[in-house]
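Thank you for asking me to look through this model with you. The points below are meant to be read beside the sequence and the 3D view.

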Amino acid sequence: MQSLIQVVNKLQDVFSVVGEQQIVDLPQIVVVGTQSSGKSSVLESIVGKSFLPRGTGVVTRAPLVIQMIRYTEETRRSMLLTHNIEDSENITEWVEFLHKPNYFFFNFDLVRNEIESRTNILAGNNKGITNSQILLKIHTNRYDLTFVDLPGITKVAVGDQPDNIDEQIQKLIFSYAKQSNSIILAVVTANTDPSTSESLQIAKKLDPEGMRTIAVVTKLDLIDDGTLQDTKDLLCGRRIPVKLGIIGVVNRSQKDIIENKSMEATLSSETEFLKTNYPDICTKHGNKALARTLQMVLITHIKKVYPKLKVELEEMKNKLGKKLMLLHTPENKVSFVIGLLKDISKSYEDTVNGNQSDVSVDEIIGGASVARIIQQKYLKTINAIDPLQDLTNENIATVLLNTSGTNQSTFVNEKALQKILSRQLNNLIEPSLDCVELVRSEMLNILNSIDVRLLDTLRRYPQLNEDVRQVFENLLEENVNNIKEFIRSYIESYQECLDTANPDFILEIVKSNNTIQEEILAAANINNYKDDSDSSSDGNWKDMSKDKKIEINRIQMLNQLLSGLNNTDESLESSEQVKLHRDLSQCYFEYIRKIVRDFVPKRIKHKMINSFLKVLDKRLNEKIFQTYLIEKKIDEVLLEDESFQKDRQDLDIKLDAVNKALKSMIDIQYY
């Protein structure tokens, strides 16, 4: 039966393939230490081989997942036979990298070179770091164990390292060590104060109770003789509050490395050192004790978190399965195209009308975005137009004279008023047409807000995507041209056909400010209000207030004035006439502005939005589906984008890996 650790190794392989290492919280031993703490020597002593890159500065620049897999003799012979390797008793360890499947390394110097090469590929050559893992399997006859070796903690950038290298390393270490299923292996040195150890500070911050932290004390052989008791207190757990144990080790010194001292000789020297200096606790320390402890802790931890792991793996399987379903190749391409076009039309209509199933809480989309354009842009712009924009008294006087010709101007010069208003009402046209363009642009944008699954499907088929968008553009173009022509003509009709006798216009004057009213009435010498209540035949007249009687009287006088009944009573001075026409122009502009700002939004909604939605489904069918059938282009337009073909292949690989991992996890249930 496979060991628990080997099963988790398979899970690590899966998540490395899937690319979800940081999302799925795997049980793993995370090694944390400074550059000078002896972290690499600890790992090499456990493995029994020298294989890690060494040098100045940050050498480990990518998370290095080291899986130690204990093989059987049967497994070794099978490997040799499968790969036509001559049997040799010298082959007792070999290494595989996940990024080089079915390629074996028997020389550990070449393993070091491969780690350095892969690091440069993933993290670049500028001494920066990366989150991308390097996973290697070390097949050994020792034991099953798995580590994640992380960059050594540093404070100062060396050479061409980035200035913020310390921040990058801290962030990477935290991303692994903070996970609740991670066991923190904090490497500290015996010849420094543990309270200043940065690895222990990180462990304490992420694991305050010390429930998932093991401390490894290195460099026991470098302390002064007078501090042996202090070190013993440290090794016995009296100075570091961790629950999983404190283990002291003696690794190869730099001199040993230079002289190529073997691992076996190093372990023998370590054993003698511990017996001599710590005889009563020597069996609890050393690299062999460390390996045993780590195995026990990791196996116990795996058993504890198994149920959650299985749930997470099942969720990943479902997630990948759903993604793969969206990328399936349609069996009936004709039905697929018909259904897709109908779904697009329906989803677009729902988005415009606010009936979409997933309502965005982050941004305004669909019909709401069109309404916002009208409310916040169009109405705001049109309301801000000055009725007398670029119109001076001199301009009005000139128009009055030019439209009178050789005759004296009448009291209200309708020709002059018409010319003035035609000029001023022209200011309403451009904002109205701009509103149409803004709505057209937004309606195209709404296509990008429909059901995301439909958008993904469209992106999957570039030609179909282009054709659908072309139908939208063409249909909108037709509506835009018609509505712009109608709006322009509508406003022009008010420019060309002046109707000052319209009761609504008279009412606009009455509703205008008192200054304008007084100026208009003064210009006609209608200043005196006469109470004709006695002669009135209307019985309600006597019951009206004085202000109401004045308002009615003014309406009657203005009606007579603008109907031309009093326009020949007496001549007016030019200045009075200019003032009159200026005030009439302002009132008439306000009167027309109300009509236009009510009409344009309604016209846009009726003839641009509603009409578009009514014919969209039919137009998609005619211009796309029917055309594809006639021209026999169904197969051609359903050619996938290459990126989607690759996505489907990747999902197939990932889903297969997850299924294999789930099958492997069955062994844990009976362990």
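**Notes on the model**

1. I begin inside the sheet, where Val 95 stands opposite Ile 138 in β5. Strands here are DSSP runs of E of at least two residues, helices are runs of H or I of at least four, and both are numbered from the N terminus. Strand β3 (residues 94-97) and β5 pair in the antiparallel sense over 4 bridges, where pairing requires that DSSP finds at least two bridges between two strands.

2. A word on the basis of these notes: this is a predicted model, in which local features need pLDDT of at least 70 and side-chain atom pairs count only at pLDDT 80 or more, while totals for chains, interfaces and linings use all residues. Residues are numbered from 1 along each chain as its sequence is written, and side-chain values use heavy atoms, with hydrogens and water left out.

3. On its other pairing, β5 is joined by 7 bridges to strand β2 (residues 64-70), the two running parallel, and Gln 67 stands opposite Lys 137 in β5. Because 7 of the 7 residues of β5 (residues 134-140) are buried, the strand is largely enclosed by the rest of the structure; buried means under 20% relative accessible area, exposed over 50%, and partly exposed in between, with a 1.4 Å probe and protein chains only. Ile 134, Leu 136, Ile 138 and Thr 140 point one way from β5, whereas Leu 135, Lys 137 and His 139 point the other way. In a regular strand the side chains alternate between the two faces of the sheet.

4. What is the order of the 9 strands in the open sheet? The order is β4-β3-β5-β2-β6-β1-β7-β8-β9, with mixed pairing. The edge strands, β4 (100-105) and β9 (246-248), each pair on one side only, and the twist from one strand to the next averages 25°.

5. Most residues other than glycine have a negative phi. Lys 219, in the loop between β8 (213-218) and α7 (228-235), has a positive phi of about 60° and is partly exposed at 25% relative accessibility. Asp 390, in the loop between α12 (367-383) and α13 (393-404), has a phi near 55° and counts as exposed at 58% relative accessibility.

6. The structure holds 21 salt bridges, each defined as a side-chain nitrogen of Lys or Arg within 4 Å of a carboxyl oxygen of Asp or Glu. One of them joins Asp 109 to Arg 112, with the closest N and O atoms 3.0 Å apart; both residues lie in helix α4 (residues 108-123), 3 residues apart, about one turn of the helix. Asp 109 is partly exposed at 45% relative accessibility, whereas Arg 112 is buried at 18%.

7. Another salt bridge, between Glu 478 and Arg 619, has its closest N and O atoms 3.1 Å apart. This pair links distant parts of the chain, with Glu 478 in helix α17 (residues 462-496) and Arg 619 in helix α21 (residues 574-631), 141 residues apart. Glu 478 is partly exposed, with a relative accessible area of 37%, while Arg 619 is buried, with 17%. Separately, salt bridges that share partners join Glu 437, Arg 440, Glu 477 and Lys 484 into one network.

Notes: Axes fitted to C-alpha atoms, helices over the stretch in contact; angles between N-to-C directions.
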